[in-house]
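Subject: A structure for you to look through

Hello,

Here is the structure I promised to hand over. Please open it next to this email, and take your time with the notes below it.

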Number of protein chains: 2
Amino acid sequence: MTDIAMIEAAAARGAGHVRRTPLLSSPFLDEIAGRRVFVKPECLQHTGSFKFRGGWSAVSALDEATRTRGVIAYSSGNHAQGVARAAQVFGIPAVIVMPADAPALKIANTRALGAEVVLYDRAAGEDRDAIGAGLAEARGLTLIKPFDNAQVIAGQGTTGLEIAEQAAEAGVTAADVLVCCGGGGLTSGIALALEARAPGLRARPVEPEGFDDVARSLASGRIETNTGPAVGIFDAIITPSPGQITFPILHRLCGPGLVVTEAQAKAAMRAAFTRLKIVLEPGGAVALAAALYQPEAVTGDAVIAVASGGNVDADLFARILSEGED
Amino acid sequence: MTDIAMIEAAAARGAGHVRRTPLLSSPFLDEIAGRRVFVKPECLQHTGSFKFRGGWSAVSALDEATRTRGVIAYSSGNHAQGVARAAQVFGIPAVIVMPADAPALKIANTRALGAEVVLYDRAAGEDRDAIGAGLAEARGLTLIKPFDNAQVIAGQGTTGLEIAEQAAEAGVTAADVLVCCGGGGLTSGIALALEARAPGLRARPVEPEGFDDVARSLASGRIETNTGPAVGIFDAIITPSPGQITFPILHRLCGPGLVVTEAQAKAAMRAAFTRLKIVLEPGGAVALAAALYQPEAVTGDAVIAVASGGNVDADLFARILSEGED
């Protein structure tokens with residue numbers, strides 16, 4: 001079970017490898033929100049998202065004999081790249097199981113990070129878990145789950161340690177910390193770090209409309225599931241439900257979830273471009289969207305938004321930029 | 001005359017105000033360049049460019065009675081915003097003299113940072129210097145020049161102090177440090193900081209084709225001037241010649257200048273988008289362009305590129321993104 005000692009240990013293992021991202025701000029964003037806005041840009045993390053923190057934590061926590069045999073992950077997105085890069089730096093094998101219809105660029109990027117990509121055919125009903133389990137068994141690979149893994153949560157929690165320090169430096173001791181939330185690994189890790197190191201800061205998950213399983217789960221007190229198909233621009237964070245490990249942490253520590261519209265997320269991407277000079281993917285912009293465009297749902301005279309990732313195709317980004325009139 | 005003590009003093013005055021930008025990298029950029037590439041993203045600095053460092057340094061260096069009367073600058077671009085924001089934080093008046101045909105957005109942004117914008121008509125032959133001198137005299141304002149000012153150079157030099165520390169942390173003790181260069185304030189400040197704190201690192205100015213006054217001046221040993229009109233996408237860095245104060249520093253300390261094509265600068269903007277998740281303006285991308293696409297002109301097994309700013313309009317950025325096939 002992840003605790004502050006595990007998060008501190010993950011931070012120690014990550015020193016010199018995991019990037020300490022800055023805490024950004026702009027008077028123009030403050031004006032939109034009506035309070036001070038701070039942004040933690042994990043798009044600047046290695047591989048373009050916070051997922052490298054969890055990947056590095058999990059890989060570095062393995063004993064050497066186990067690690068040397070290699071790791072395996074199921075992912076077509078940011079978790080794949082985070083695990084692949086961590087394995088590449090350690091010089092160990094990484095197998096990433098991806099659907100055959102994943103974007104060619106994502107497959108190419110994952111391979112370029114040294115991973116062996118194993119494709120499976122979703123349409124033909126091939127079973128990802130069975131393929132992965134067979135490979136893991138045959139080669140002695142360790143499975144790194146994307147969020148329901150104590151060491152992954154500890155790695156994501158190092159973001160929270162940095163936020164606690166950087167908020168104190170900025171004179172912020174009480175604020176909502178809005179976190180882009182899929183399965184809850186980042187949100188639960190940050191919540192645990194803040195509980196121990198900055199108890200005046202409260203983590204709150206943010207999700208896109210139609211994929212608000214975490215907000216509903218927090219409201220009902222039990223794990224709820226999204227009903228619609230997982231399609232659209234929020235691919236990074238549209239897991240069907242919070243995890244078995246992450247949900248109890250979220251339930252114990254987080255404030256109510258927030259839900260933003262697609263239009264708000266796109267406007268936040270444009271604001272981040274114009275005012276902070278950072279690139280956010282749609283799923284990585286939902287927390288900033290809530291901070292900017294739902295000020296009535298936030299408490300306090302400052303707010304911190306975690307921008308979780310920036311892996312967005314150039315054509316989609318250009319299209320969203322050109323949709324703005326600001 | 002700027003020296004390391006002045007740069008250290010500027011850094012001390014900037015603590016808690018000037019942002020310490022990270023040093024970014026990506027294995028994908030390393031592969032393009034054939035060596036390790038590190039990027040110092042000053043686009044993440046307050047106001048979106050390194051100019052805030054110089055503005056803050058110059059304003060904070062004034063004695064209080066002088067500072068309280070206010071400051072004045074001539075600029076339609078990044079220097080205007082850097083000085084305006086520094087004055088805003090100090091709560092003192094800032095007058096920015098801009099051409100009446102400057103982009104409306106730049107005028108609006110400068111006003112939103114609390115500055116009084118005084119417009120002059122270039123076409124009608126109005127004399128910017130005469131207008132500014134009259135205002136300065138009448139109100140007791142202090143003129144902050146964009147590069148030929150010892151405290152401005154000291155402020156830009158704080159970038160070099162950070163590079164010296166961050167390069168050492170990354171294990172880099174000998175490398176070319178490529179710097180986007182207009183009048184030479186940033187390049188000369190960094191060169192002075194590196195001379196004292198990281199003598200194995202060598203500053204080298206980078207300019208766009210057609211605006212290579214600094215490269216030619218370094219080659220000839222005297223101040224050369226651009227002949228063509230100062231138009232196009234590189235507006236941030238197309239000053240006509242190096243400064244009277246900056247050139248002797250550049251001449252004493254810098255390696256040969258590099259010159260990149262517009263196509264290379266645009267490709268570097270796309271690479272920074274895709275691999276680092278940062279927004280660069282064309283003038284802010286020329287150093288990275290040289291690092292990536294002119295590897296034969298660089299020495300050593302690592303290179304550091306200073307990305308000087310990210311103030312680019314959304315429509316131009318979207319157009320440059322869509323020109324790429326990568």
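Two strands pair if DSSP finds at least two bridges between them. Helices (H or I, at least four residues) and strands (E, at least two) are themselves DSSP runs, numbered from the N terminus. With that in hand, we can begin with some strands of chain B. Before that, a word on the model and its numbering.

This is a predicted model, so local features need pLDDT of at least 70 and side-chain atom pairs count only at pLDDT 80 or more, while totals for chains, interfaces and linings use all residues. Residues are numbered from 1 along each chain as its sequence is written, and chains are lettered from A and ligands numbered from 1 in the order in which they are written.

**Strands in chain B**

Strand S6 (residues 175-180) of chain B pairs with S7(B) in the parallel sense, over 6 bridges. Within this pair, B:Val177 stands opposite B:Ala203 of S7(B). To get from S6(B) to S7(B), the chain passes through helix H9 (residues 185-197) of chain B, and this β-α-β crossover is right-handed. That word applies if, with the strands pointing away from the viewer, the path from the first strand over the helix to the second runs clockwise.

S7(B) also pairs in the parallel sense with strand S8 (residues 258-260) of chain B, over 3 bridges. There, B:Val206 has B:Leu258 in S8(B) as its bridge partner.

Is S7(B) mostly covered or mostly open? Strand S7 (residues 201-208) of chain B is mostly covered, with 8 of its 8 residues buried. A residue is buried if 20 or more other C-beta atoms lie within 10 Å of its own, exposed if 12 or fewer, and partly exposed in between, with C-beta atoms placed from the backbone. B:Leu201, B:Ala203, B:Pro205 and B:Glu207 point one way from S7(B), while B:Arg202, B:Arg204, B:Val206 and B:Pro208 point the other way.

**A helix in chain A**

In helix H11 (residues 246-253) of chain A, the residues A:Thr246, A:Phe247, A:Ile249 and A:Leu250 are buried. They cover an arc of only 160° around the axis (taken from the directions from the helix axis to the C-beta atoms), so they sit on the same side of H11(A). The buried residues of H11(A) pack against H8, helix H9 (185-197), strand S7 (201-208) and helix H10 (213-220) of chain A.

**Two residues with positive phi**

A:Lys277 has a positive phi of about 65° although it is not a glycine. A:Lys277 is found in the loop between helix H12 (262-276) and helix H13 (286-293) of chain A, and counts as buried with 29 C-beta neighbours inside 10 Å.

In chain B, phi of B:Thr47 is near 65°, again a positive value in a residue other than glycine. B:Thr47 is in the loop between strand S1 (36-41) and helix H3 (51-61) of chain B.

**Where the chains touch**

How many residues of chain A are in contact with chain B? There are 23 residues of chain A in contact with 23 residues of chain B, where contact needs C-beta atoms, placed from the backbone, that lie within 7 Å. The largest share of the side of chain A that touches chain B, 6 residues, comes from H14(A).

Happy exploring, and write back with any questions!

Methods: Two residues are in contact if their C-beta atoms, placed from the backbone, lie within 7 Å.
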